[in-house]
Amino acid sequence: MRRKKTQDIIEELIQFQKSLEKKPSFEEMFTQIKMMKFRLKPIQGSLINFDFQNKKFVEILWSLGKLDEFFMKKINDFQNDEEKERFFQFFTQICNNYQEKLNKIPVSKIQNNFDNINILEVEIYKSENKKN
């Protein structure tokens, strides 16, 4: 029975990943990202020339947000640590792939020949709702 549960976990992740390939319109993704409450914090460089309308950036950020929602929904479904560990492994692999793609996107509105001038390191996180 344990093997079946592991296969179910893998199958759910694969199906979810396939569903991420069917993206809504750019405007809908942008709206959903706003509702996901992502925040960008520059660690190095400035966000002044950051292209928030970059289609690839929006697509990947939307995908990461959907992955986060999937994770939060599924994490409590597991009965034992072995199942959770498998889920974490596959989930981390998918997230790492998206993060690598995110790191390769040119996000500046201004293109120039000086690579070191446009160095930008940004922390992307989701703000949490504060409960009173």
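Of the 29 residues in the largest nonpolar core, those that touch the most other members are Leu13, Phe57, Leu67, Phe87, Phe91 and Tyr98; such a core is a set of buried Ala, Val, Leu, Ile, Met, Phe, Trp, Tyr and Cys residues joined through side-chain atoms within 4.5 Å. Two or more residues of this core come from each of helix 1 (2-20), helix 2 (26-36), helix 3 and helix 4 (81-103), and helix 3 gives the largest share, nine residues. Helices here are DSSP runs of H or I with at least four residues, numbered from the N terminus, and buried means under 20% relative accessible area with a 1.4 Å probe and protein chains only.

The model is predicted, so that local features need pLDDT of at least 70 and side-chain atom pairs count only at pLDDT 80 or more, while totals for chains, interfaces and linings use all residues. Residues are numbered from 1 along each chain as its sequence is written, and side-chain values use heavy atoms, with hydrogens and water left out.

Helix 3 covers residues 55-74, and its 20 residues should span 28 Å at 1.5 Å a residue, which agrees with the 29 Å between its end C-alpha atoms; the expected span is 1.5 Å times one less than the number of residues. The N-terminal end of helix 3 is capped by asparagine 54, which has a side-chain oxygen 3.0 Å from the backbone nitrogen of lysine 56.

The structure holds nine aromatic pairs, where rings of Phe, Tyr and Trp (its six-membered ring) pair if their centres lie within 6.5 Å, with planes under 30 degrees apart counted as stacked, over 60 as edge-to-face and the rest as tilted. Two of these pairs are set out here.

| Pair | Centre distance | Plane angle | Class |
|---|---|---|---|
| Phenylalanine 16 and phenylalanine 70 | 4.3 Å | 20° | stacked |
| Phenylalanine 50 and phenylalanine 57 | 5.1 Å | 80° | edge-to-face |

Phenylalanine 16 in helix 1 and phenylalanine 70 in helix 3 are 54 residues apart, and their pair links distant parts of the chain. Phenylalanine 16 counts as buried at 16% relative accessibility, as does phenylalanine 70 at 8%. Phenylalanine 50 and phenylalanine 57 are both buried.

Phenylalanine 78 lies in the loop between helix 3 and helix 4 and is buried, with a relative accessible area of 11%. Leaving aside neighbours within four places in sequence, phenylalanine 78 is in contact with Ile9, Glu83, Lys84 and Phe87, contact meaning heavy atoms within 4.5 Å. The C-alpha atoms of phenylalanine 78 and isoleucine 9 are separated by 9.3 Å, although the two residues are 69 residues apart along the chain.

Notes. Polar contact = N/O pair within 3.5 Å; in protein donor to acceptor, adjacent residues only side chain to side chain. Buried < 20%, exposed > 50% of the residue type's maximum accessible area, 1.4 Å probe, protein only.
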